[in-house]
Amino acid sequence: MYVYDSYDQQIVDQRVAQFREQTDRFLKGELAAEEFLPLRLQNGLYIQRHAPMLRIAVPYGLISSTQLRRIAYISRKYDKGYAHFTTRQNIQLNWPALEDVPDILADLAEVQMHAIQTSGNCIRNTTTDQFAGVIADEIEDPRPWCEIIRQWSTLHPEFAFLPRKFKIAVNAATSTDRAAIRFHDIGLQLVKNETGDVGFQVFVGGGLGRTPIVGQEINAFLPQQHLLSYLEAILRVYNLKGRRDNKYKARIKILVKALGVEAFSTLVDEQWQLIKDGAETLTASEIERVKSHFVDPAYDQIQDQTEALAQLRFNHPAFDKWIQRNVESHKKTGYAAVTVSLKKPGYAPGDATAEQIDTLANLADSYSFGELRVSHQQNIILADVKQSDLFTLWNALNALGLADATVGTLNDVICCPGGDYCALANAKSIPIAEAIQVKFDDLDYLYDLGDIDLNISGCMNACGHHHIGNIGILGVDKKGEEFYQISLGGDSGIEGQVGKILGPSFKAEQVPDVLQKVIDTYVEKRQENELFIDAVHRLGLEPFKERVYATSH
Amino acid sequence: MQHLIKDGQIIKDDPWQLFESTDAQGLPGNALLPVRIWTDFGHELAESSLPFGAYVCEDDDYTELLPFLANLQIIAFKFGKFADGRLFTFARLLRMQYKYEGEIRAIGDFLPDQVNFLQRCGFTAFCCRTENEMQTALSVKDHFTEQYQSDTRLAEPLFRRRTV
């Protein structure tokens, strides 16, 4: 992974000192609350329902065991001994005291971490595929490009006060899109042209929130050396032209829609021509320098362990299920990528205790070269595990209660913190996730249902990405009462689709039964081996509506 | 103007004043005039023996000033709301695209904490809201001694300067 040199360290250290000084001034009453607001937000600090919330950046989801241990330490020292992994591959602490935040940031800086631009109207953490660099099916490792974007966007002087937040995602896989790039302000798809050169297909104006829109292509092939000048041109057009009169219409998607993608891309090209081939043009040596941080770890030359694993799987049915659901094939023979589910019923999706976090760090040291990844589905990945270690690792995870073999199933819920924590939320989301997990707790039944993305958001801001869940649940407020709207058919992958709303919303206690009816309809009407999402697209919403809204006699 | 920092120094006797007007008659020297006046009477103003400047708000079209850049010793950008970042880009384009070399001054509702980024976008003078804010701006404006990007002050991004 990327390791800071003295330049990177200096910038992060100076950011900590700057925030300490700003916090001091605020606490002394020399800085008004509304003026401190954008300054603290640019450093990931929200004032939430119960306490401040600090969002810590995990650049493109990659974290070392040393860094993860520091998170556990901070959560014990300054918080309540747990942390929350987010849908944007970051980490949140829900209970830090404002006065402690400069010290927390200093503790983070010691292990090359920060909270820079994790909120506010600026360029946020760049995200990518949680299996980047270890899957066979990718153009090249996207992480060096994410790091190049991280450095360019960090403390960019011109783009700190944009109309609204700005999110960039990169995908390098050719057959799938785990980074949901078409639902980002800018989506970058690594591609090869006819002559074999690697560049980017650029999408712009995708997003969720109140107005879900699939991003549109504005450049079919951007040569790699022009990445930063092109991003700069897009941001400049957005900073000048994006709406600032209404925060719900301020995202770049609204601008692209209003101008039309043709006119928007003409404006971008005009700006780009001014700076193309300028100082921000990437040099081959810089690209090589960053790539040198992402070379393969010291893999052993070993064979796949198919037969040995088959025996273990036969003897241990639970291990077999775990291999099926939670273990991904690897580009290197003899290795596998393991997803640790953080979706235990009774706990908020994406939450982990300090003890679990410490143990995960130890397991990463023992079995995965000391590195972990956070996925957009709020799980943790050990990406470089020897197949011969899988059974030992499974036993260790089992002891922690982290071996639930539910990845990709209805139980692997994506969920925002919701009304229990978040000041913006209209409705609670965690209890809804729990009620569904309790209703659908039979593993064999879940496996029979196969892959189903269930995404829950507590409000229109869509942090739980409900629009792109195969099943999406949105909390809404009706005259002070919490209701839930259900949508079907959303797809975050390469097909990129927004789900359609089923009909009138439901009370919290009705949601699990409604979901049961949706699932029953699928089970009755599915064709052989047909996934839920494919069945919804084939059947349309009608049969689901009929079942769900049928009046009982 | 008061509480003014220019090229890193406190300036006590600055002659420039904002001047609201709808015509070009009887204007005092050292008046910072709205873009509108330059649009309508720019050629007359350019021929005057008196020094005039301009001030630009977020919703103004600063490109109306382009024919007169050589006559403008100073262009002030007046922040209506500190969280509106358009003026950062206006200044950057004025330096980068239109090669303006005169003074770019921040006035209005900006924060001392923004001075560092404003400097990097081409601003050279800062008219702070209070004496306190001026002192804060002076102490924090050069807080960062390293940066990743190129800007109007530093021609090369870090990746072209980094020594391993």
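Helices (H or I, at least four residues) and strands (E, at least two) are taken as DSSP runs and numbered from the N terminus. The structure is a predicted model, in which local features require pLDDT of at least 70 and side-chain atom pairs count only at pLDDT 80 or more, whereas totals for chains, interfaces and linings use all residues. Residues are numbered from 1 along each chain as its sequence is written, chains are lettered from A and ligands numbered from 1 in the order in which they are written, and side-chain values use heavy atoms, with hydrogens and water left out.

Two residues of chain A other than glycine adopt positive phi values. K479(A) is located in the loop between β18 (471-478) and β19 (481-488) of chain A, and its phi is near 50°. With a relative accessibility of 89%, K479(A) counts as exposed; here exposed denotes over 50% relative accessible area, buried under 20%, and partly exposed the range in between (1.4 Å probe, protein chains only). Y60(A), in the loop between β2 (52-56) and β3 (62-64) of chain A, has a positive phi of about 45°. At 6% relative accessibility, Y60(A) is classed as buried.

Over all chains, 27 aromatic pairs are present. Rings of Phe, Tyr and Trp (its six-membered ring) are paired if their centres lie within 6.5 Å, and planes under 30 degrees apart count as stacked, over 60 as edge-to-face and the rest as tilted. The ring centres of W145(A) and F200(A) are 5.2 Å apart with the planes at 85°, so this pair is edge-to-face. The pair connects distant parts of the chain, with W145(A) in helix α5 (residues 143-153) of chain A and F200(A) in strand β9 (residues 198-204) of chain A, 55 residues apart. Both W145(A) and F200(A) are buried. In chain B, the rings of F79(B) and F88(B) have centres 6.1 Å apart and planes at 85°, so they too are edge-to-face. F79(B) and F88(B) are likewise buried. One aromatic cluster has among its members F79(B), F88(B), F90(B) and F161(A).

Charged groups also lie over aromatic rings, as assigned if NZ of Lys or CZ of Arg is within 6 Å of the ring centre and within 35 degrees of the ring normal. K80(A) lies over the face of W95(A), 3.5 Å from the ring centre, and R210(A) over that of Y248(A), at 3.7 Å.

Helix packing was described with axes fitted as lines to C-alpha atoms over the stretch in contact, and with angles from 0 to 180 degrees between N-to-C directions. Angles under 35 degrees count as roughly parallel, over 145 as roughly antiparallel, 65 to 115 as roughly perpendicular and the rest as oblique. Helix α3 (residues 65-78) and helix α4 (residues 101-110) of chain A pack at about 165°, with axes 10 Å apart, an arrangement that makes α3(A) roughly antiparallel to α4(A). Residues in contact (heavy atoms within 4.5 Å) include R70(A) and I71(A) of α3(A) and D103(A) and I104(A) of α4(A). Helix α7 (residues 252-259) and helix α8 (residues 261-275) of chain A pack at about 110°, with axes 6 Å apart, and α7(A) is therefore roughly perpendicular to α8(A). Among the residues that meet there are L255(A) and V256(A) in α7(A) and F264(A) and L267(A) in α8(A).
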